[in-house]
Each structure stands twice: as C-alpha cells, then as structure tokens.
Amino acid sequence: MNALEKRSVVALASVYAMRMLGLFMVMPVFVLLGSDLQGATPALIGFAIGAYGLSQALLQIPFGLLSDRVGRKRMIYIGLILFAAGSVLAGATDSIYVVIAGRILQGAGAIASVLMAMLSDLTREEQRTKAMATVGISIGLSFSVSLVLGPLLGSAWGLSGIFYTTAVLAVLALVVVARVVPTPHQHKVSADTHPAREMVGRVLADGRLLRLDFGIFVLHFALTALFLVFPTMLQDELGLAATSHWWFYLTVMITSFFAMVPFIIIGEKKRKMKPVLCGAIALLAIATAALTGAEQSLGVAWAVLFFFFMAFNLLEASLPSLISKEAPAASKGTAMGVYSTSQFFGAFLGGALGGYLLQSAGIDGVLWLMAGGLAVWLLVALSMPAPSYTTSFVVQLQSAVAMRFDEIDQRLRNLPGVEDVVIVEEAAMAYLKVDRLHFHEDQLARFEFVRQGNHS
C-alpha cells in the first residue's frame with residue numbers, strides 16, 4: 001500500500017472500531033445496571049440490549065446504496081450523528097423505554113456498508129484484501145476491548161457514563177472522518193465491498209450462502225442472549241462483584257483467541273474447514289448447555305466461557321471468509337450485505353426473545369434456547385457440502401480492445417482453476433473465482449485484453 005492508502009485504511013478501521021466499541025461496551029453490564037431503570041423488566045432489558053440490531057439490519061444495505069447518490073462522507077456523518085444522538089438519549093434518561101429508543105437510534109447509524117464502500121473508493125483493487133483484513137482485525141479487537149471496558153466504565157460511571165462515552169467516541173470518529181479520511185474524487189463501485197440490487201436475488205437463491213447466513217444469525221443470537229444471563233450468574237451465583245468482571249472477561253478473551261488460532265490454520269491450510277466448522281459449532285452448543293451447571297465454582301464458569309469464546313472466535317473469524325469464497329463472482333459485496341443483515345437480526349432476536357424467556361422461564365430457559373438453536377445450526381452445517389477453496393481475483397481489462405466481452409469471458413473460463421467469471425463492462429473489470437492450487441496469474445500475460453501489472 002502507498003502512504004495515502006495506509007492512512008485511509010487505518011482511519012476507516014479506527015472509525016469502525018470506535019463505532020463497534022460504542023455498541024458493545026454496554027452488553028456485559030446492561031443486565032446488572034439496567035435493572036435500576038424505571039419500568040425495567042427482564043423482557044424489556046433484553047429488548048434494549050438487542051434493539052440496535054433491528055435498525056442496523058433494516059438500514060445496512062439502504063445506507064450503502066444511498067451513499068452512491070449523496071456521497072460516502074455525507075452518509076457517514078449522518079450515521080455517526082444518529083449514533084451519538086442515540087447514545088446521549090439513552091444516557092440522559094432513567095426510563096427503560098427511552099433507553100430502548102436510544103438503542104434503536106444508535107443502530108440507525110448503519111454505516112458499515114458505507115465504510116466498506118469508501119474503502120473501495122480509496123484503495124486499489126490489488127490492495128483490497130489487505131484493507132478488508134485490517135478492518136476485520138479492528139472489529140475483533142474492539143469486541144474484546146469492549147468486554148473489558150464495559151465493566152470498568154460501568155463500575156466507575158454507571159450505565160449513563162457508558163452511553164456518554166459512546167457519544168464521545170462517535171464525535172471522535174466524526175473528527176477522524178473529517179480531518180484524516182481523504183474525500184474520494186469518484187465512487188468506485190467494487191463488487192467486493194459494495195451491495196448491488198441486481199445481485200440480491202442471486203445471493204438469496206444460493207443454498208450455501210443461506211446456510212452461512214443462518215449460521216451468523218444463530219451465532220449472534222447466542223452471543224446477545226449470553227449477556228442476558230452470564231453477568232448475573234457471575235455476580236449473584238458466584239459472588240464475583242461487577243467491578244471485577246473485567247479481568248474475568250480479559251483472561252477468557254486472550255486465552256481463547258490464541259487457542260482457536262491452530263484450528264483456523266488447520267481448516268485453511270489442510271482444507272479441513274467443514275470438520276473444523278462443525279466441531280466449533282458442537283463445542284459452542286456443549287459449552288452453552290454446560291453453563292446450566294457453571295454456578296458450581298468460578299473456575300468451572302471460567303473454563304466453560306473459555307470454550308464458548310474459543311468456538312465463538314473461530315466461527316466469527318471463519319464465516320466471513322467462507323462467505324467470500326462461496327459468493328458468486330462479482331457478488332461478494334452483496335453477499336456480505338445480506339450476511340451482515342442476518343447477523344444484526346440475530347443480535348436483535350437474541351436480546352428480545354432471550355429477555356422474554358428470562359422473564360418467563362428463567363436463566364435455564366435462555367440457555368436451553370441458545371443450545372437448541374446451536375444444535376439446529378449444527379444439523380444445517382452437517383448438511384452443507386464441503387466449502388470451496390476459491391478466492392476472488394480481479395482482472396483489469398484494456399479499455400480499447402477489438403474483442404467482444406463474451407469472447408473474453410470464454411477465454412478466461414478456459415484457464416485452469418477458474419470456476420466463475422463476471423465481466424463489468426462499464427468498469428472494464430473481470431471478477432473471477434479461482435482455485436489457487438490450479439490457477440496461476442502469469443497465465444494472464446498472454447492475453448492482449450488484460451491490462452498488465454494491474455490485476456490482483
């Protein structure tokens with residue numbers, strides 16, 4: 001990457017991280033601190049925790065598409081202002097209903113797809129994978145940090161203090177966008193990072209992608225529901241004061257992260273992703289069921305949560321990669337948009353349905369619902385064919401070539417390792433799905449229609 005690209009990627013990754021921190025910091029403490037709000041019930045607390053997911057899911061793709069018309073930065077500004085306003089609204093009240101409204105308003109700042117579209121505006125195609133990986137790392141780190149910061153800030157400043165902190169983060173993100181992120185001269189609509197209306201039907205008809213979308217739905221359903229019950233178990237059943245929850249989560253997250261890395265390597269390098277994926281889902285279901293007996297001791301609770309997050313981190317890291325590999329050529333951005341929508345709907349229902357069950361059936365009812373959902377996901381994953389090991393490859397075409405695009409398409413398809421080709425004529429680009437074991441990019445050198453030195 002050149003200096004401008006590096007600055008752009010780091011700035012956008014930091015904006016993404018600050019936004020995710022603001023959304024997640026409240027999760028590990030809300031069930032403990034939110035009970036003091038006027039009108040609070042377990043069902044309403046659960047709804048408040050997951051409420052952001054509803055507006056996120058509904059507005060994620062529309063925000064991205066709208067940014068084509070009114071500009072990326074303008075939509076990011078609108079999203080961050082909505083997020084800050086929702087944070088202030090939730091922090092300034094002692095009513096659970098107003099907090100719910102604030103959480104919905106927070107989620108209405110659904111700028112994830114806009115940030116990814118802007119990433120494509122500010123980076124070259126050949127640097128896109130590195131840029132997306134940087135953003136992915138920032139998301140994972142922000143989630144882990146939020147589990148530590150949430151209890152620390154909650155013990156010092158209470159629930160309102162956390163919401164006001166998220167408002168400050170939104171303002172800082174606004175400053176970064178205004179002062180650090182360059183304004184792109186033109187929109188480069190990349191199929192890798194941007195949703196497209198014409199691709200939605202194709203993505204929704206793909207059985208492999210739907211299985212993965214269901215998986216991320218269940219994963220975030222379980223995650224949100226977990227934080228309805230586990231903080232209470234730590235405090236009431238195991239006697240760990242809320243002020244000390246941060247070190248519990250910190251040690252769990254650090255150790256579980258390193259424990260899952262070897263399995264990621266095995267899945268990718270040895271091409272054993274389906275067994276690794278199914279094993280992680282099974283481990284997650286077993287750990288969830290084991291939480292019903294985790295009140296025996298703090299050590300048992302730590303071990304159970306370690307295995308839960310070992311499996312969770314593995315799945316959270318693997319599923320986007322699988323979506324990328326399974327998405328039809330030139331549909332990755334759309335596939336990721338549908339995937340993100342499924343993720344946020346899962347978070348919403350995990351809070352809303354989990355809160356209802358917590359009120360009507362208690363902690364065990366929530367845990368067995370989580371375990372049941374994960375068991376269904378395991379059956380779905382077992383029925384899925386082994387994932388392909390393809391990757392996206394973008395070829396920039398010569399703008400003036402005496403050859404029809406259908407002929408270019410056929411010649412690219414005849415290359416060893418090429419499984420799918422989509423040509424975007426307006427952008428003079430060909431999007432390929434290739435198996436790296438059999439595809440060698442130096443084969444492209446003999447084609448006169450390929451712009452040399454500019455494929456990725």
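Residues are numbered from 1 along each chain as its sequence is written, and side-chain values use heavy atoms, with hydrogens and water left out. Because the model is predicted, local features need pLDDT of at least 70 and side-chain atom pairs count only at pLDDT 80 or more, while totals for chains, interfaces and linings use all residues.

## Helix pairs

Two packed helices are described by the angle between their axes and the distance between the axes. Helices here are DSSP runs (H or I, at least four residues), numbered from the N terminus. Axes are lines fitted to C-alpha atoms over the stretch in contact, and angles run from 0 to 180 degrees between N-to-C directions.

| Helix pair | Angle | Axis distance |
|---|---|---|
| α10 (residues 245-269) and α12 (residues 298-326) | about 45° | 7 Å |
| α4 (residues 72-91) and α6 (residues 112-122) | about 150° | 10 Å |
| α3 (residues 42-70) and α13 | roughly 165° | within 7 Å |

Orientation follows from the angle: under 35 degrees counts as roughly parallel, over 145 as roughly antiparallel, 65 to 115 as roughly perpendicular, and the rest as oblique. A crossing is left-handed if the near helix is turned anticlockwise from the far one by less than a right angle, and right-handed if clockwise. Contact residues are sorted by type: Ala, Val, Leu, Ile, Met, Phe, Trp, Tyr, Cys and Pro are nonpolar, Asp, Glu, Lys and Arg are charged, and the others, Gly among them, are polar.

Take α10 and α12. These helices pack at about 45°, and they are therefore oblique to each other. Their crossing is right-handed. The contact of α10 with α12 has 19 nonpolar, six polar and two charged residues.

Next come α4 and α6. Their angle is about 150°, which makes α4 roughly antiparallel to α6. This crossing is left-handed. From α4, the contact uses R72, K73, M75 and I76; from α6, it uses V114, L115, A117, M118 and D121. Six of the residues in the contact of α4 with α6 are nonpolar, none is polar and three are charged.

The crossing of α3 and α13 is left-handed. Here the contact divides into 17 nonpolar, eleven polar and no charged residues.

## Nonpolar cores

In soluble globular proteins, nonpolar side chains tend to be buried together. A nonpolar core is a set of buried Ala, Val, Leu, Ile, Met, Phe, Trp, Tyr and Cys residues joined through side-chain atoms within 4.5 Å. Buried means under 20% relative accessible area, exposed over 50%, and partly exposed in between (1.4 Å probe, protein chains only).

The largest nonpolar core has 124 residues. Those with the most contacts inside this core are F30, L226, F230, F248, F309, L319 and W377. Helix α9 (residues 207-237) gives the most to this core, with 15 residues. Another core, of 18 residues, lies apart from it; among its members are L412, V418, A430 and V434.

Contact means heavy atoms within 4.5 Å. The contacts listed for F30 leave out residues up to four places away in sequence; they include S35, L37, I45, A48 and F163.

F230 sits in helix α9. F230 counts as buried, at 1% relative accessibility. Beyond four places in sequence, F230 touches F248, Y249, L291, A301 and L305. F230 and A294 are 64 residues apart in sequence and 9.6 Å apart in space, C-alpha to C-alpha.

## Single residues

A173 lies in helix α7 (residues 128-179). A173 is buried, with a relative accessible area of 1%. Leaving aside neighbours within four places in sequence, A173 is in contact with V15, M18 and L80. A173 and R19 are 154 residues apart in sequence, yet 7.8 Å apart in space, C-alpha to C-alpha.

S342 belongs to helix α13 (residues 332-382). At 15% relative accessibility, S342 is buried. Residues up to four places away aside, S342 touches D213, I216 and F217.

Helix α12 holds P320 and S321. P320 is partly exposed at 27% relative accessibility, and S321 is partly exposed with a relative accessible area of 25%.

How values were computed. Helices (H or I, at least four residues) and strands (E, at least two) are DSSP runs, numbered from the N terminus.
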